Amino acid sequence: MQGIGIGVSDFKMLRTRDNYFIDKSLYIKDIIDNQSSVILVTRPRRFGKTLNMSMLRYYFDCSQKDNRELFNGLKILEQEEKYISKLGAYPCIYMTLKDVNDTTYEKMLLNLKSAISDMYQEHRYLLDSDIIYPEEKEQINDILWFRADENVLKNSVKQLSKYLNRYYNRPVMLFLDEYDVPLQNFYVEGYYDESIKFFKTFFGTTFKDNPYLEKTVITGVSRVAKESIFSRSK
């Protein structure tokens, strides 16, 4: 018997529980058709952004088996082959910044380390591969065990995309959810200046100077300002 999955933002959980789901799968087609390498989607809170990101991730991810059955009966599988062929076609990185906030820069940075560690944890299998060099495995362990310094954190997403690109020999899809939570928080809490320097480099390295990415989808509430945080600081 179908039910309403109140508060469920994981697409797989929603589908396997047979909860009601409004078919938004043509959003996948829109992402594929979009020629931009970085796509920013801004919507109000509680608008289903995280669920949509989860759906994208399950569709594109090549590391998970049998994801096709999650999309049975949805409109995306009625589309042309160029769209269906993207099912399970890319290694994927998913990261959320929803909990990267606190009253000081140092506490915020600890929360960021936790978010990045969670991101790397999903790809822990890289440590068992000979394709990843010993010094790279050491850096992965530093991130997993919260030993990474700020410079390593700034480059962490780019590095992970490099490892996945080499491991799968395919470009990587990156999904960054709630990118603006730390930005809003450090403005309110009064540690804007030191934080904006960090995030300008973090976002710049991740999105602008990253040759390993196929496409990036970013969600948040805030539109990017004219002087963009996605620009590298000099």
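These are my notebook entries on a few places looked up in this predicted model.

**Ground rules.** I number residues from 1 along each chain as its sequence is written, and side-chain values use heavy atoms, without hydrogens and water. The model is predicted, so I take local features at pLDDT of at least 70 and side-chain atom pairs at pLDDT 80 or more, while totals for chains, interfaces and linings use all residues.

**Leu-70.** I looked up Leu-70 and found its place in the loop between helix 3 (49-60) and helix 4 (81-84). Helices (H or I, at least four residues) and strands (E, at least two) are DSSP runs, numbered from the N terminus. Leu-70 has 4% relative accessibility and counts as buried. Buried means under 20% relative accessible area, exposed over 50%, and partly exposed in between (1.4 Å probe, protein chains only). Not counting residues up to four places away in sequence, I list Phe-11, Lys-12, Arg-15, Thr-16 and Tyr-58 as touching Leu-70; contact means heavy atoms within 4.5 Å. From Leu-70 to Lys-12 I note 58 residues in sequence and 6.6 Å in space, C-alpha to C-alpha.

**Ser-36.** I placed Ser-36 in the loop between helix 2 (26-33) and strand 1 (38-42). Its relative accessibility is 36%, which counts as partly exposed. Ser-36 and Val-217 are 181 residues apart in sequence, with 9.7 Å between their C-alpha atoms.

**Lys-113.** I found Lys-113 in helix 5 (residues 105-121). Lys-113 is buried but has no salt bridge (a side-chain nitrogen of Lys or Arg within 4 Å of a carboxyl oxygen of Asp or Glu). The nearest side chain of opposite charge is Glu-150, 8.0 Å away; Lys and Arg count as positive, Asp and Glu as negative, and His and the chain ends are not counted. Apart from neighbours within four places in sequence, Lys-113 contacts Phe-146, Ala-148 and Leu-153.

**Negative patch.** Glu-150 came up again here: on the surface, Glu-106, Asp-149, Glu-150, Asp-193 and Glu-194 form a patch of negative charge. Patch residues have over 30% relative accessible area and no salt bridge, and like charges are joined within 9 Å. I checked Asp-149 and found it in the loop between helix 6 (134-144) and helix 7 (150-154). Asp-149 is partly exposed, at a relative accessible area of 43%.

**Helix 9.** In helix 9 (residues 181-189) I list Val-181, Pro-182, Leu-183, Asn-185 and Phe-186 as buried. Their cover includes helix 10 (192-208). After helix 9 comes Gly-190, with a positive phi near 90°.

Conventions. Patches are made of residues with over 30% relative accessible area and no salt bridge: like charges are joined within 9 Å, nonpolar side chains (Val, Leu, Ile, Met, Phe, Trp, Tyr) within 5 Å. Accessible areas come from the Shrake-Rupley method with a 1.4 Å probe; for residues, only the protein chains shown count as cover. The place of a charge is taken as NZ of Lys, CZ of Arg, CG of Asp or CD of Glu.
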